[in-house]
Amino acid sequence: MAPSSSSSCCVFFTLFVFISLFLFCSASGALVFPLKHSFSRTQFNSTHHLLKSTTVRSASRLHHHRHPHRQVSLPLTPGSDYTLSFSLGSQTISLYMDTGSDVVWLPCHPFDCILCEGKYNPTSIPNPGPINLTSAVPVSCKSRACSAVHSSLPSSDLCTIAKCPLEDIEISDCKSYSCPPFYYAYGDGSFIAKLYSDELSIPMSSPSLILQNFTFGCAHSALGEPIGVAGFGRGTLSLPAQLANNSPEIGNYFSYCLVSHSFDTNQVNRPSPLILGRYSVDEKMKQMKNYYSDYAYTPMLENPKHPYFYSVGLEGVSIGKTKIPAPASLRRVDRRGNGGMVVDSGTTFTMLPLKFYETVVTEFDRRVGPVLKRANPVEDKTGLRPCYYMDSGSKNVPQLLLHFGGNSSVVMPRRNYFHEFVDDEKVKRKVGCVMLMNGGDEGESGPAGILGNYFQQGFEVVYDLEKKRVGFAKRKCASLWDNLNQH
């Protein structure tokens, strides 16, 4: 059932024992809780190191989206992901929130993580787990969830792997046999987990919102991945999909608003609101200067090969007044599941196919290059280009617009696509880099591009699963967080 407006502000999840999610309720009944950026400068010895690490990670994410070993796509290296926190009784655990992933999994005792030293900073992710789930119920090999996590493998095959006798398989009597462990591999790590189910309860009103048989993965071994994931993708095992089975008004509509940070630790520490369901916009919020604006919606594209992606069509990019049409691979998804742009909270930088990327940055350089000197050493050290020495200031940096399908255009704030920082060399100079990356050849399989979370800063990004559309609205995300929690 829908949450009532008079419900208390704390929201709890239960996985057999009480699990509390640090959520809050707005007056309109939407569920709001904080996303925390996992970035920490102590992991990096320079800005160059930070940016280079992040470009490598973004490229690895795109490679995995195109060549997945499993359906899920996971964070690969530390420094740029958003986390949400759960508590289990006296235990608390932090998970990555990922729209490019379609399963919820947790590290569980006993947990053996190989090559996990330095994969995260305890000051930014203080509760990595593992946790005890001693009373959770294993999922049956006959269940739809088991088939989904094993890439739609038939239940007869899965029950055979689970050692269900032939006579029981023939009469479909294998319910007592557990779903086999599943293996996920990604760019530079992997894990093995088993599926469990339990009751998930959100006691906001009477009666409580209760999800029976909430399904999640419990990992006992991992390679290079110590942090679990709360998948928000379009798959049947994602958190929104499971919520939608019982409460469509919450699970079928969610949004987040990422506070603009530009890798500034003071800004990173501000919570970014993650909102399940619709919230009311009062007159005070509407009247706030530069606060409230309408959404620019673009249709979701269906992907037959990767149905869990939030794919949209990018029609073009404008640099100043010059509009550059996007190639067909970015505008649509073909019958083999190739093409389109994935809106991904788990990838930092926005990536475009090679030829289109070159056209866009060449137009950018045509406008900026005569005024600002190229910072070639910075490009080599960061993996970003073009970069410039900002001796003449930033007034010559042109505006950038994204044109999406459905006749929808979004004006990007300059800080989203042009990052200015002080070069770490002996002679310190202010430099600026375009925050776009080369996504490789257009003919590669999988998505043609990724809209990363750096471009999404300062926007409320809404995922409307009923109307199959993604919306963008410019917001002051810190103010949105404050206003929603005043109700």
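**Salt bridges in the predicted model**

E302 and K468 form a salt bridge in which the closest N and O atoms are 3.9 Å apart. Because E302 sits in the loop between β14 (296–301) and β15 (311–312), and K468 in the loop between β27 (459–464) and β28 (469–474), the pair ties together parts that are 166 residues apart in sequence. The model is a predicted one, and a search of the whole structure finds 13 salt bridges. Side chains of opposite charge can pair when their charged atoms come close.

**The E302–K468 pair and its network**
- E302 is partly exposed, its relative accessible area being 44%, and K468 likewise counts as partly exposed, at 43% relative accessibility.
- R234 joins this pair, in that R234, E302 and K468 are linked in a network of salt bridges.

- The side chains of R366 and E363 meet in a salt bridge with an N to O distance of 2.8 Å.
- Both R366 and E363 belong to helix α10 (residues 354–368), where they lie three residues apart, about one turn of the helix.
- R366 counts as exposed at 52% relative accessibility, whereas E363 is buried, with a relative accessible area of 11%.

**A pair between two strands**
- K430 forms a salt bridge with E420, and the closest N and O atoms of this pair are 3.2 Å apart.
- This pair links distant parts of the chain, with K430 in strand β24 (residues 430–434) and E420 in strand β23 (residues 418–422), 10 residues apart.
- K430 counts as partly exposed at 44% relative accessibility, and E420 counts as partly exposed at 23%.

Technical notes:
Residues are numbered from 1 along each chain as its sequence is written. This is a predicted model: local features need pLDDT of at least 70, side-chain atom pairs count only at pLDDT 80 or more; totals for chains, interfaces and linings use all residues. Side-chain values use heavy atoms; hydrogens and water are left out. A salt bridge is a side-chain nitrogen of Lys or Arg within 4 Å of a carboxyl oxygen of Asp or Glu. Helices (H or I, at least four residues) and strands (E, at least two) are DSSP runs, numbered from the N terminus. Buried means under 20% relative accessible area, exposed over 50%, partly exposed in between (1.4 Å probe, protein chains only).
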